[in-house]
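Subject: Structure handover

Hello,

Here is the structure for your files. Please open it alongside this email.

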Amino acid sequence: MDHIMTRSNTFALALLLPVVACSPVSQPEVAANAPAGPNIAKAYVVAEINVTDLEAYRQYVQAAFPVIESYGGRFLTRGGTTVHIEGLPPAERVMIIEFESLDRAKEFEYSQAYRDIAPLRHQAAESRLFIIEGAADVASAAP
């Protein structure tokens with residue numbers, strides 16, 4: 001990535017890993033380039049991030065982006081403007097990364113490559129992360 005890191009895009013990669021201590025040891029293997037079929041729902045890693053150390057966070061961003069890409073992750077949001085409507089306000093940054101399936105998102109989150117760099121985020125930011133499975137067939141999904 002030959003671009004200048006700005007405050008707005010340094011927060012973009014903050015999406016990752018729920019607490020490693022709570023993570024399963026292994027996850028099912030998923031083919032690296034297996035596309036989601038018509039009945040396979042995509043999945044989304046959602047992160048709310050409050051950066052506490054910008055310089056340390058930049059190190060995390062530089063390490064995380066290639067790992068996200070290697071698992072087929074695609075950013076849908078990267079910390080743009082968030083409009084609070086009701087309830088508890090969101091964190092300073094909200095990011096969403098799309099993956100081909102729930103298995104693929106979990107494979108990314110629990111990968112050794114990601115677990116090796118997650119401590120950088122833990123040192124540089126306060127985060128809330130989760131994975132949500134999309135609806136394979138939105139029209140027939142129950143409300």
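Below are notes on the core and on the aromatic rings.

The model is predicted, so local features need pLDDT of at least 70 and side-chain atom pairs count only at pLDDT 80 or more, while totals for chains, interfaces and linings use all residues. Residues are numbered from 1 along each chain as its sequence is written, and side-chain values use heavy atoms, with hydrogens and water left out.

Helices (H or I, at least four residues) and strands (E, at least two) are DSSP runs, numbered from the N terminus.

Rings. There are six aromatic pairs (Phe, Tyr or Trp rings, the last by its six-membered ring, with centres within 6.5 Å; planes under 30 degrees apart are stacked, over 60 edge-to-face, the rest tilted). Tyr 60 and Tyr 114 are edge-to-face because their planes stand at 80°, with centres 6.4 Å apart. This pair joins helix α2 to helix α4, 54 residues apart. Phe 108 and Tyr 114 form a tilted pair, at 5.2 Å and 45°. Tyr 60 and Tyr 114 are both buried, meaning under 20% relative accessible area (1.4 Å probe, protein chains only); Phe 108 is buried too. Ring pairs link Tyr 57, Tyr 60, Tyr 71, Phe 99, Phe 108 and Tyr 114 into a cluster.

Regards

Definitions and conventions:
Buried < 20%, exposed > 50% of the residue type's maximum accessible area, 1.4 Å probe, protein only.
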